[in-house]
Amino acid sequence: MADVTQEQLFEFLCRMGDNTLVLGHRVSEWCGHAPVLEEDIALANTALDLIGQTQMWLGLAGEVEGKGRTADDIAMLRDVWDFRNVLLAEQPNGDFGQTMMRQFLFDAWHLAMLTALTKSTHEQIAAIAAKAVKEVQYHVERSGETVIGLGDGTSESHKRMQDALDLLWPYVGEMFVSDAIDDAMAAAGIAPDLADLRAQYDAHVTPVLAEATLMIPEGGFAHKGGKTGFQHTEHLGHLLTQMQWLQRAYPGATW
Amino acid sequence: MYAQMVKSEAADESAEAQAFQARIDAGEKIEPKDWMPAGYRKTLIRQIGQHAHSEIVGQLPEGNWITRAPTLERKAILLAKVQDEAGHGLYLYCAAETLGVSRDELTEMLLDGRMKYSSIFNYPTLTWADMGAVGWLVDGAAIMNQVPLQRTSFGPYSRAMIRVCKEESFHQRQGYDIMMKMAQGTPEQKAMAQNALDRFWYPSLMMFGPSDADSVHSAQSMAWKIKMNTNDELRQKFVDQTVPQAEYLGLTVPDKTLKWNDEKGGYDFAEPDWAEFFEVIKGNGPCNTERLAARNKAWDDGKWVRDGLLAHAEKRNARKVAAE
Ligand SMILES: [Fe+2]
Ligand SMILES: [Fe+2]
């Protein structure tokens, strides 16, 4: 089995943790503003799970790095170029349909990824994945059902869901593009080969979108630059100005 | 309180009404299918509805800080708290529905201003310390009122209060914990904590409503065990509990007249500005416009979602029937 460097492992853990951090933040923006009370409660649940997962991933990232950084330090004190989440996670909420479409497209990947990670050769990663996968199983059932309900609802809800899919589909590809870090993780048996996840993903997503009477856009174009940190969207910086405000304005304080 | 200045209907003198009152006096619970005077039903709908609306609108001032919470743990705690409040709203709407009014009807009355919510949620949350002050003072004041309401005569309301109270005391402790961290923190944090107390003290006292010791409405509600204590009793209890907590934090209650009174075994304290209270109730509080606008926007923007999900459920049912 090949070895991975500490830097590679840190990078991988940031990818996992930044996805949940940034998406959890986005979902939490809904709190108090959802279309029905039950949805408000459900969205808060999802956000809570994602924040909890972030604490585990970024906590482990800090341990692996060995410089004494906590999960909070990593979340609150890095700038945009150090973030490793996929671009899909940082996309704005839009309307409720756009939020649920983003959630479903992410959840389906997340489920496949975490399922594979439960078999990771890295014990702590396998343990985090085992805990998270149960939560994400529930997330994807819920987001999938909502996509179906709204896609196959009224003509207005159908149109809005198709618009959301058209808007967000180009962000799906990035979740499956491997780079040197992913290759190293796969070679060491720490994480799966991302290309292998794609078939699983399509087998999950295609029938749900079909039942929702939605058309997957043609063309394989994929935006990228989030998980490598090379080029995020403009949205991420604004998210950080809120998320990091107190830690930046009052350095050294404990809360 | 979460239900402030709820107007009580008058009792009637029929034999049924007298038998009903006898049940209440004997400490029995009234259940939705039981006979009840029209006035009892109407008053309860007003009170439970207003209470539910307060939980829902109450999500907004705290929701305001979820995206700015300083640590992941604080963010999770705050999010869970606001989620609890939505849950409280849900239990209470369910309790109100047993009286023959739907959640949608109640919601519409909130949105067009026919029904009120607690005055406290029309005050802004300006710093992180406000998350501490709200938990400590606002949830603390709510508990004062809701603990006795666990014994209220209407079964579904009483059971909702039992569930709610467990979570509220948790919220209050979490709020106090935030205040503690701030009060023991950097000079800026301590100043933030004092500033939050300065702004939230009097609005918290207003939560109990103006003195109702001589009010006919309150007397009827108390006979029906819909209201368990007078506003002044609860306010006094709140002050007596809170002042030592503020002292422990090293913060100063913004009331120069505050003084322990040995004779009554409680604090003497200044009344809040009731003129301000009535302005807030009328719609002129610092955030009334924003709060109602936010609820209206959520409702209006959500229409297509509610319609879409309903249409889908109907289609699915129709397909099921066709398949059978
Ligand atoms: Fe509550
Ligand atoms: Fe509460």
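**Rings, irons and charge pairs**

Trp255(A) is buried, with a relative accessible area of 6% (under 20% is buried, over 50% exposed and in between partly exposed, using a 1.4 Å probe and protein chains only). The model is predicted, so local features need pLDDT of at least 70 and side-chain atom pairs 80 or more, while totals for chains, interfaces and linings use all residues. Residues are numbered from 1 along each chain as written, chains are lettered from A and ligands numbered from 1 in written order, and side-chain values use heavy atoms, without hydrogens or water.

Counted over all chains, the structure has 15 aromatic pairs (Phe, Tyr or six-membered Trp rings with centres within 6.5 Å; planes under 30 degrees apart are stacked, over 60 edge-to-face, the rest tilted). Tyr250(A) and Trp255(A) make one of them, an edge-to-face pair with centres 6.1 Å apart and planes at 70 degrees. Tyr250(A) comes out as partly exposed because its relative accessible area is 22%. Over in chain B, Phe208(B) and Phe238(B) form a tilted pair, 5.5 Å centre to centre with 50 degrees between the planes. This second pair links distant parts of the chain: Phe208(B) sits in the loop between helix H8 (187-206) and helix H9 (216-223), and Phe238(B), 30 residues away, is in helix H10 (residues 231-249) (helices are DSSP runs, H or I, of at least four residues, numbered from the N terminus). Both of these Phe residues are buried. Chain B also has an aromatic cluster made up of Phe20(B), Trp35(B), Tyr40(B) and Trp224(B).

Next come the metals. The iron ion (ligand 1) is held by Glu55(B) (OE), Glu85(B) (OE), His88(B) (ND1) and Glu168(B) (OE), at 2.0 to 2.2 Å (donors are N, O and S atoms within 2.8 Å, or 3.2 Å for Na, K and Ca; water is absent, so sites may look incomplete). Along the sequence, the donor residues follow the spacing E-x29-E-x2-H-x79-E. The iron ion (ligand 2) lies 3.5 Å from the iron ion (ligand 1), and Glu85(B) coordinates both. His88(B) belongs to helix H4 (residues 72-97) of chain B and Glu168(B) to helix H7 (residues 155-183), so the two tie together parts 80 residues apart in sequence. With 0% relative accessibility, His88(B) is buried, and Glu168(B), also given as 0%, is buried too.

Helix H7 of chain B also holds Gln174(B), a residue that counts as buried at 18% relative accessibility. Between Gln174(B) and Gly89(B) there are 20 Å in space, C-alpha to C-alpha, and 85 residues in sequence.

Side chains of opposite charge can pair when their charged atoms come close. Over all chains there are 33 salt bridges (a Lys or Arg side-chain nitrogen within 4 Å of an Asp or Glu carboxyl oxygen). Asp177(B) pairs this way with Arg74(B), with 3.1 Å between the closest N and O atoms. Since Asp177(B) is in helix H7 of chain B and Arg74(B) in helix H4, the bridge ties together parts 103 residues apart in sequence. Asp177(B) is partly exposed at 39%, whereas Arg74(B) is buried at 9%.

Another salt bridge joins Lys297(B) and Asp301(B), at 2.5 Å from N to O. These two are four residues apart in helix H12 (residues 288-301) of chain B, which puts about one helical turn between them. Lys297(B) is exposed at 52%, while Asp301(B) is partly exposed at 41%. In chain A, salt bridges link Arg15(A), Asp179(A), Asp182(A) and Lys227(A) in a network.
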